[in-house]
Amino acid sequence: MKHEYSPLLRTMVDVALRCGQRMKAADVEHAAAREKSGWRDLVTEYDVRIQEFAVEQLSAAFPEARFICEEGGAGDVPAGGMTFVIDPIDGTANFVHRIGHSCTSIGCVRDARPVAAAIYDVYKDELFAAEEGKGAFLNGQPIHVYEGPLSDSIVMFGTSPYNMRYADETFARVRSIFGRCQDVRRSGSAALDLCYAAAGRVGLFFESELSLWDYAAGALIVREAGGVCLTLTGEPLTFDRPHKSSGIAGSVRALRESGFLPESTLASVGREP
């Protein structure tokens, strides 16, 4: 039996699904694209259109809501009330190159705490969702992080391509973790990487620099799937402003076996099963 979503999450899921259909129907070959922070950081007309559609639909359902979005509309998360954090196309480079691995990510934050999340990969027709205290789900079925040894799992990572100062640090970590896991992967969508960690497809995900819209939804999905999301320095992720942060996600066991975090940090978030 599929999980019954709350009215809030049902609305978020419906909007994410409809955003995904717009992504799939896009004429990418002829889409207008421009650079943002640099030549690796692209935005297309579809990023903007899909974001506008998502904001319009969520505003109609929740007139009191505020928004933090990748393509503009960023501001601090207010104390109290409802804020939606939206990445209309996470994996824009994949989208531009027609790789077929991108998603729409919508997180809902209250009091600087994520309370609901919907991430939709239209190419695989996979809808990841979660509500605070109610678990995490893939197409309505419960999911859980992988609890086995890191040596038996895949590790996914991000390269933080918009900030080259992290390149040496990132690939040093990749080289280190490569000797502790079965293999490594780089997909180009942090939101989906977090979902794959939540679903137990991979044992661990990490990246040196993420934006709030990259992880606001995915972090909740990981947590509700029994996992942990922290910065690479072992601090809790924050959700009160659109800032940059590192991230690492997986089971406590995976984080411990990665060797990236001090044992004292892991002891404070739980014990391996």
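Modeller: Two strands count as paired if DSSP finds at least two bridges between them. This model is predicted, and that cut-off applies to its strands.

Biologist: How do you know that strand β10 and strand β12 pair?

Modeller: Residues 154-157 form β10 and residues 204-211 form β12, with three bridges between them. The cut-off is at least two, so β10 and β12 pair. Their sense is parallel. For V155, the bridge partner in β12 is L204.

Biologist: What makes the sheet up, and in which order?

Modeller: Five strands, in the order β11-β10-β12-β14-β13. The sheet is open and its pairing is mixed.

Biologist: Why are β11 and β13 called edge strands?

Modeller: Each has a single partner strand, so one side of β11 (183-185) and of β13 (228-230) has no neighbour in the sheet. From one strand to the next, the twist averages 20°.

Biologist: Why is α5 called roughly parallel to α6?

Modeller: Their axes cross at roughly 5° and come within 8 Å. Roughly parallel means under 35 degrees, so α5 qualifies.

Biologist: Which residues make the contact, and how do they divide?

Modeller: Among them are L194 and C195 of α5, and D214, G218 and I221 of α6. Nine are nonpolar, one is polar and one is charged. Asp counts as charged and Gly as polar, so D214 and G218 are those two.

How values were computed: Residues numbered from 1 in each chain as written. Predicted model: local features only at pLDDT ≥ 70, side-chain atom pairs only at ≥ 80, totals over all residues. Heavy atoms only, no water. Helix = DSSP H or I, 4+ residues; strand = E, 2+ residues; numbered from the N terminus. Axes fitted to C-alpha atoms, helices over the stretch in contact; angles between N-to-C directions. Parallel < 35°, antiparallel > 145°, perpendicular 65-115°, else oblique. Contact = heavy atoms within 4.5 Å.
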